[in-house]
Amino acid sequence: MNNDTICALATANGVGALGIIRVSGNDALPVVQKSFPAKNLEKQKSHTIHYGYFVDGEEAIDEVMLSIFLAPKSFTTENSVEIAFHGSPHIGKRILETLIKNGARMAKAGEFTLRAFINGRIDLSQAEAIADVIASENEASRKVAISQLKGGITNEISFLRTDLLNFVSLIELELDFAEEDVEFADRSALNQLLDKIELKLNSLIESFQYGNAIKKGTAVAIIGKPNAGKSTLLNALLKEERAIVSNIAGTTRDTIEEVLHIKGHAFRLIDTAGLRETMDEIEAIGVKKAKEKVENAHILVYLADAATEDFSEDMEMIKSLVRDDLKLIICATKIDEVSPAVYEKVENIFRNSISYEFDFIKISAVENQNMQDLKNELSSYVEQLKSAENNVVITNQRHFEALGKSLDAVHKVKEAISFQISTELLAYELRNALEHLGEISGEVTNDEVLGNIFSKFCIGK
């Protein structure tokens, strides 16, 4: 990275009340000064705001407010200026063109955050947390992202790395005195530390399932025979007419996906085509896609029409779809049309026929009966994934993979100690464990990793 002065629009594209352009670099103040004659910016204090006109030569482009942040007390730790202008896309474009004419260049995706990382203001996990904060779409994902932005993951990892680093130093010291055949590192103490690290790594790795549900939402496939009430249920949950409802079997040909927020968690509801054997080519494609959606779902909500006499086909469908890692909820639908004795009979039929664990709920989407019971079941699935012992939640795939690699290295170190393998191999595996832990915070990284991470940021962040 060079010391160019960079600029970019920091607010979303489009018309708004205000827009903000960020400028950062050693020459940020001189670059902006060329178009801001109202004050001498070099003489202003940090964290001050100044009013005036932004000009291009003799032409006033807009009436603006400038916020000045002097190094090192800025996001990038460089001299920075933020220009607030009236939110016209044309005005923003003119200001950027003028800044480039004055000596700045357009920032690349994530370049402001990259500079903050390289200049030591934040670590790599915090940089990724910034992207997660921006992308958060529910309360749970916001809370986790803010925790990570505060350095939650780094704090957990740093204690492990510090202890491990001490042992790495002692083991490598043994290599220097290999001919004397001495041990500086107490192997029993090292084993105790490895047990502690293994416990913590396993806890963090296990939190990824909950973290993934928070970050990406929980996929819920709504499945059943034609006319079981799938589209009616989707509309009732969303409280809008999202899917076409008809008494004609096979109305839903394609999958429909919508997001529902329950208690701060996101659920991706997938309304699918009714499962049945069909000669209709288009409907058959819909049935195939419905089965594919179930394969990628976390929760299967199977709807069974309570007024049906024969549930054998439903049983076969459920048995062909369930798997060990899939939560199954069976809903007896249209209970407003049958007596309580009927749906109790329906529950007994399913309980006696299906060996898999499942929750049974009786609902009427039309009459909005027991819909909250279904929502509670969905919410409980996510809450059960959360560990009460672990305050840090892993939501990032890169972190998850680095933790897995580090855990593998820890296992190899324990094996090396158990089998009294050479000190050289022990030192190698210890360094591997240390390196993989360092990948999370960015203490160990490379240009390819950085390029991949920051290329996913929006320009201006």
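Author: Happy to! Let's start with a word we'll need: a residue counts as buried when its relative accessible area is under 20%, as exposed when that area is over 50%, and as partly exposed in between. Please keep in mind that this is a predicted model.

With that in hand, look at helix 8, residues 230-238. Of its 9 residues, 8 are buried, so the helix is mostly covered by the under-20% rule. The buried set includes leucines, namely Leu233, Leu234, Leu237 and Leu238. Lys230, Ser231, Asn235 and Ala236 are buried as well.

What do these buried residues pack against? Their partners are strand 7, strand 8, strand 9, strand 10 (299-305) and helix 12 (371-385). Just past the end of helix 8, lysine 239 takes a positive phi of about 60 degrees.

Strand 9, residues 265-271, is itself mostly covered, with 6 of its 7 residues buried. Strand 7 (residues 218-224) pairs with strand 9 in the parallel sense, through 5 bridges. Strand 8 (residues 256-262) is joined to strand 9 too, by 7 bridges, but here the two run antiparallel.

Isoleucine 270 is a handy landmark for finding your way here. This strand 9 residue stands opposite alanine 221, and isoleucine 270 is also the bridge partner of glutamate 257.

Now follow the chain from strand 8 into strand 9. The two form a hairpin with 2 residues between the strands, and lysine 263 has its positive phi there, near 50 degrees. Is lysine 263 buried or exposed? Lysine 263 is exposed, because its relative accessible area of 60% is over the 50% cut-off.

Lysine 225 lies in the loop between strand 7 and helix 8. Its side chain forms a salt bridge with glutamate 313, and the closest N and O atoms are 3.8 Å apart. As a general point, side chains of opposite charge can pair when their charged atoms come close.

Lysine 225 has a relative accessible area of 19%, so it counts as buried under the 20% limit. Glutamate 313, at 36%, is partly exposed. For context, the model has 21 salt bridges by the rule used here.

To put the picture together: helix 8 is mostly covered, and its buried residues pack against strands 7, 8, 9 and 10 and helix 12. At the hairpin of strand 8 and strand 9, lysine 263 has a positive phi near 50 degrees.

How values were computed: Residues are numbered from 1 along each chain as its sequence is written. This is a predicted model: local features need pLDDT of at least 70, side-chain atom pairs count only at pLDDT 80 or more; totals for chains, interfaces and linings use all residues. Side-chain values use heavy atoms; hydrogens and water are left out. Buried means under 20% relative accessible area, exposed over 50%, partly exposed in between (1.4 Å probe, protein chains only). Helices (H or I, at least four residues) and strands (E, at least two) are DSSP runs, numbered from the N terminus. Two strands pair if DSSP finds at least two bridges between them. Contact means heavy atoms within 4.5 Å. A salt bridge is a side-chain nitrogen of Lys or Arg within 4 Å of a carboxyl oxygen of Asp or Glu.
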